[in-house]
Amino acid sequence: MCRLLAFNTESFDPKFAEALRKSAQSDPFFSLGSHADGWGVAVYFQVDGEWRSLVYRTKVPIFRDPLFDSVIKTIQGRKAVGVMHVRQGRRFLYALTNNHPYHARARNYDLFFVHNGSIMRKAFPQPMYPATDSFLYFQGIVGLVEEGLPPLEAYSKVSVELMQYASSLNSALLAYDEVYGPSVYYLSYHNRARAREVDEYYAVYRHEGYVFSSTLRLYLGLGERVVEGTVTEIPPSKV
């Protein structure tokens with residue numbers, strides 16, 4: 001299992017990224033205690049009114065990465081729309097390729113995806129495909145976008161189909177269109193019949209333009225729990 005942060009804000013506040021880093025190093029809700037299999041970020045941010053992008057992934061734990069501060073300073077105080085993720089893959093498919101966010105180009109969109117949880121392999125058309133369940137989840141979304149569905153609808157449709165097979169579908173999808181710019185969506189969902197950790201571990205919270213895993217709320221001391229089961233867009237926040 002992993003931890004995530006998604007955001008759409010006029011001025012990115014680094015305290016949310018710092019909470020993600022602390023969550024990765026010490027997670028009292030998680031039986032293994034930390035999320036040490038690397039981290040990644042995909043973000044669109046504005047400089048002089050023009051969108052720029054930054055994508056960064058590494059197998060180095062976020063709390064040991066000497067480039068963490070540099071990455072965060074790049075977007076600090078700027079209008080930013082993006083996703084961040086720290087991974088605990090139990091050393092399954094331990095490779096840079098398997099660190100989130102995953103990326104794909106589908107029609108006129110660049111798509112980036114992060115996911116926390118596990119999904120039974122039998123839920124997928126190619127269960128033996130050599131990739132993580134999170135990647136296969138994303139591939140389902142990409143396929144529907146290629147067929148013509150907007151990202152929000154594709155994300156919703158695939159998620160509903162996977163709910164019975166998943167411990168958790170907590171996730172976020174960043175979509176960029178050259179005409180309309182970036183949008184970011186999230187889903188909070190966990191299947192209590194398949195959950196391995198305490199209930200609070202799977203909770204997702206929101207504060208203004210930020211959505212985040214429960215451990216971040218522990219370090220931030222703020223956030224309201226979101227409703228489960230519905231893919232939702234994060235609207236732009238002035239803060």
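Which residue in β6 is the bridge partner of Ala104? In this predicted model, the partner is Leu111. The pair belongs to the contact between β5 and strand β6, residues 109-116, which are joined by five bridges. The two strands run antiparallel.

These strands form part of an open sheet of five strands. The order is β5-β6-β7-β8-β12, and the pairing is antiparallel. The edges are held by β5 (102-106) and β12 (232-233). Each has a single partner strand, so one side of each is left without a neighbour in the sheet.

Two helices meet this sheet. Helix α3, residues 133-146, packs on the sheet and touches β5, β6, β7 (170-177) and β8 (181-187). The direction of α3 makes about 150 degrees with that of β6. Helix α4, residues 151-162, lies across β6, β7 and β8. Helix α4 runs at about 20 degrees to β8.

An open sheet of seven strands is also present. Its order is β3-β2-β4-β1-β10-β9-β11, with antiparallel pairing. Here β3 (50-58) and β11 (224-225) stand at the edges. Each pairs with a single partner strand, and therefore one side of each lacks a neighbour in the sheet.

Ala6 stands opposite Val83 in β4. Helix α2, residues 68-75, lies across β1, β2 (39-47), β3 and β4. Helix α2 runs at about 30 degrees to β2.

Definitions and conventions. Residues numbered from 1 in each chain as written. Predicted model: local features only at pLDDT ≥ 70, side-chain atom pairs only at ≥ 80, totals over all residues. Heavy atoms only, no water. Pairing = 2+ DSSP bridges. Helix = DSSP H or I, 4+ residues; strand = E, 2+ residues; numbered from the N terminus. Contact = heavy atoms within 4.5 Å. Axes fitted to C-alpha atoms, helices over the stretch in contact; angles between N-to-C directions.
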